[in-house]
Structures are given as structure tokens and as C-alpha cells.
Amino acid sequence: MITRDELIAIGHYNKPHGVAGEISATLDVDLGLVQELSCLVTDIDGIFVPFFVNTCRPKSGETVLLTIDGIDNEVEASRLVNRDIYALKREFQQESEDEDADGYPLDFFIGFQLRDTDGTVVGEIIDVDEQTENAIFIVACDDEELMIPAVDDLIVEFDLDNKVMVMDIPQGLLDLNK
């Protein structure tokens, strides 16, 4: 049986597309990564059920159209509407290790505690600003918000289970935020 601890949220189902069971979905990960996964998992009445994807094609931006094994009409597809999509964490981690931290969308790290390499707790990542050329983590620290560049070269490691990210923050960068 699949448990919540084994999963990572990667998107949600939208609505059926046509009458043959195809369904649209919004994904927080690359389409190529989804095609490498053995299955997508969804909570159905409190039980995490694996679904095997037959086809996955882009629709627009972050939206894809999926056909799922065993779902061949609009009524069956509508059972998935507005449900979250999960991947098995072990598969997702394997893919991500090959791609470094790039395999995870930056907003995946919202809620992570941010630490410097010396162990100092900087704060909690509360948002990601991707409006600029370089994405920025917004970090809550006491009564202020710090802006830390979300750059792979600065990310030393992250612990998915404990939701901790360690970054090699350049000396003086935290003082710029004050």
C-alpha cells in the first residue's frame, strides 16, 4: 500500500477533455520527467491509487492532456477532476539527482527551512519571485522578508524528509536585505 510519506505532489487534474477519457492536468514539473515515471498517484477516498499514463501531450504552458490506462470515457475521467497528482518520491528523487536541483520546481521549496552552510538558520522559504531574470527565494526571518537568489550553485543540499535546504550564502548577502 502506498503511503503519503512515499509521495511528492506534482500537480492536479483539471477537467475531462473530450469524450474518450482524456483529461487535462496542470503540472509543476517538466513533461519529460512525468513521462519517465512509472505511474501517477492520486488519493481516491483516502487510498493512494496508482494510475498508469498511456499518453501525455502538452496543451499549453503547464497544462498537459493525459490518457490513463483503464479510463476510456468522460464519466471515468471526471472522477479525477480537482484531485492532486503525486509521484513516488523515490522515482522523483532519482530523476532529480540526475538533473541536480533543477528537477524540482522552485515553489516546491516553499515551507523549507533555509540554513547557511555553518548551520545558522536563516528562516523559512515563504515564496519564490520568478518575475526577474534570476529567481529569488523570499525568506521569512523574524519580522522581515529576505531575498536570496535561487541559484543552483548556491544550493549545497536539501533534505526532503525534514524540509531543510542548505545554501552557501555569500558573505554580506544577508546584510544587503537589512
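Strands here are DSSP runs of E with at least two residues, numbered from the N terminus. The model shown is predicted.

**Figure 1. Strand β9 carries D127, a member of a charged patch.** D127 sits in strand β9, which covers residues 121–129. Its relative accessibility is 39%, so D127 counts as partly exposed. D127 belongs to a patch of negative charge on the surface.

Figure 2. Is T63 buried or exposed? T63 counts as buried, because its relative accessibility is 16% and the cut-off for buried is under 20%. Which residues does T63 touch, leaving aside neighbours within four places in sequence? They are N14, S24, A25, T26 and P58.

**Figure 3. A salt bridge joins R90 and E6.** The two side chains meet at 3.8 Å, N to O. R90 belongs to helix α3, residues 89–99, while E6 lies in the segment before β1 (7–16), so the pair ties together parts that are 84 residues apart in sequence. E6 has a relative accessibility of 27% and therefore counts as partly exposed.

**Figure 4. A salt bridge joins R57 and E22.** The structure holds two salt bridges, and one of them pairs R57 with E22. Their closest N and O atoms are 3.0 Å apart. R57 lies in strand β5 (residues 53–60) and E22 in the loop between β1 and β2 (23–27), so this pair ties together parts that are 35 residues apart in sequence. How do the two partners stand towards the surface? R57 counts as partly exposed, at 41% relative accessibility. E22 is buried, with a relative accessible area of 12%.

**Figure 5. The whole chain, as a setting for the close-ups.** The chain has four helices and 13 strands. Its C-alpha atoms fill a box of roughly 60 × 35 × 30 Å, taken along the principal axes. Of its 178 residues, 41% count as buried. The accessible surface comes to about 10200 Å². Carbon and sulfur atoms account for 44% of that surface. Among contacts between residues at least 6 apart in sequence, 57% join residues at least 24 apart.

Conventions
Residues are numbered from 1 along each chain as its sequence is written. This is a predicted model: local features need pLDDT of at least 70, side-chain atom pairs count only at pLDDT 80 or more; totals for chains, interfaces and linings use all residues. Side-chain values use heavy atoms; hydrogens and water are left out. Patches are made of residues with over 30% relative accessible area and no salt bridge: like charges are joined within 9 Å, nonpolar side chains (Val, Leu, Ile, Met, Phe, Trp, Tyr) within 5 Å. Accessible areas come from the Shrake-Rupley method with a 1.4 Å probe; for residues, only the protein chains shown count as cover. A salt bridge is a side-chain nitrogen of Lys or Arg within 4 Å of a carboxyl oxygen of Asp or Glu. Lys and Arg count as positive and Asp and Glu as negative; His and the chain ends are not counted. The place of a charge is taken as NZ of Lys, CZ of Arg, CG of Asp or CD of Glu. Buried means under 20% relative accessible area, exposed over 50%, partly exposed in between (1.4 Å probe, protein chains only). Contact means heavy atoms within 4.5 Å.
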